[in-house]
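Have the sequence and the 3D view ready.

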Amino acid sequence: METTPSPNPTPLQSLEEWEDFVKDRYPEPGKPAATAFQATDPNKKEEEFRNYEKEARPTVREFYRLNHLHQTHEFGQAKRREFLSLKRREMGIWEAMEYLNQLVDDSDPDTDLSQLQHLLQTAEQIRRDGHPRWFILTGLVHDLGKILCLWGEPQWAVVGDTFPTGCAYSGKIVFPKFFEQNPDFKNPSLMSANGVYEPGCGLDGVQLSWGHDEYIYNVCKDYLPMSGLYMLRYHSFYPWHRESEYSHLLNAQDRENLKWVQAFNPYDLYTKSHQAPDVKALRPFYEELIAEYFPAKIRW
Ligand SMILES: [Fe+2]
Ligand SMILES: [Fe+2]
């Protein structure tokens, strides 16, 4: 007797599988793509962009199918109500880094780094490049929103390139065909260029698909400068910071802060090395830096 396999709610072997796919789409200038796609031009044409889709691992494709299917405007509102009252626990930043580190990914040949090590590598490269202390600290905390995974949230509601909901999807979002299965797609009031928004309203008033960026932004919003908060909130918003889409929704503050989001992105994408940072040796420096900006415990 044949049975249809039930869809896998966690198609990715590890969250890094999504990040590796993003890195293949946006390889480091001057370096070939690591795994999935070799011929790359920064001015890539539409059909070349589509090649990333063809070459994607089946797990990555399934991940995007679920993400585009389930991330409705209403879903994003419900998740904000569920998580942004920050009533789950109180933890300091270092404690949250150790807590996130329980998230053990299955074996992925491309990475052998823990979440904590990715945060430290990102921050350390920002520090080596001589950036201000708030920038280093932003690198340290940028992925702490992935603790949503530890609270039972599915991969497609934690990671993935983010995009505005409540208005037309940009054709530059990867796997745009999968949006046809999203219930919002059949609602014309949510599918016009501006949708539920006023032109030029600014990204603060635009609801992006739900994930780790929006969550960590809300956790940190009283403590970091605006430039750092932009990095946290929009680091996965590739349709904006890499594809220059959605300009009709931006305001002057967004246009001013785009440069910070773009300055951050290479540290996130290109600093992964297999050389594990010395956590014990680095901890005193980072504990001091954390204490400059954050109280001992914050709400999550
Ligand atoms: Fe991230
Ligand atoms: Fe990251």
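Start with helix 8 (residues 212–220) and helix 9 (residues 226–234): their axes come within 7 Å and cross at roughly 150°. Axes here are lines fitted to C-alpha atoms, for helices over the stretch in contact, with angles from 0 to 180 degrees between N-to-C directions. The crossing makes helix 8 roughly antiparallel to helix 9, a label for angles over 145 degrees. Helices (H or I, at least four residues) and strands (E, at least two) are DSSP runs, numbered from the N terminus.

This is a predicted model: local features need pLDDT of at least 70, side-chain atom pairs count only at pLDDT 80 or more, and totals for chains, interfaces and linings use all residues. Residues are numbered from 1 along each chain as its sequence is written, while chains are lettered from A and ligands numbered from 1 in the order in which they are written.

**The helix pair**

Two residues are in contact if their C-beta atoms, placed from the backbone, lie within 7 Å. On the helix 8 side, Asp213, Glu214, Ile216, Tyr217 and Cys220 take part. They meet Leu229, Leu232, Arg233 and Tyr234 of helix 9. The residues of this contact comprise six nonpolar, no polar and three charged. Nonpolar means Ala, Val, Leu, Ile, Met, Phe, Trp, Tyr, Cys and Pro; charged means Asp, Glu, Lys and Arg; the others, Gly among them, are polar.

**Helix 8 in its surroundings**

A residue is buried if 20 or more other C-beta atoms lie within 10 Å of its own. Nine of the nine residues of helix 8 are buried, so the helix is largely enclosed by the rest of the structure. Its buried residues pack against these elements:

| Partner of helix 8 | Residues |
|---|---|
| helix 4 | 73–83 |
| helix 7 | 133–141 |
| helix 9 | 226–234 |
| strand 2 | 298–299 |

Cys220 also touches Val141, Leu229 and Leu232, leaving aside neighbours within four places in sequence. The largest nonpolar core has 68 residues, and Trp18, Ile216 and Cys220 have the most contacts inside it. Such a core is a set of buried Ala, Val, Leu, Ile, Met, Phe, Trp, Tyr and Cys residues joined through C-beta atoms within 7 Å.

**The whole protein**

The protein has 12 helices and two strands. Buried residues make up 40% of its 300 residues.

**Confidence**

pLDDT is the predictor's confidence in each residue, from 0 to 100. The protein averages 90, and 88% of the residues score at least 70. Over residues 1–5, pLDDT stays under 50, and the model has zero contacts there beyond four places in sequence.

Methods:
Parallel < 35°, antiparallel > 145°, perpendicular 65-115°, else oblique. Buried ≥ 20, exposed ≤ 12 C-beta atoms within 10 Å, placed from the backbone.
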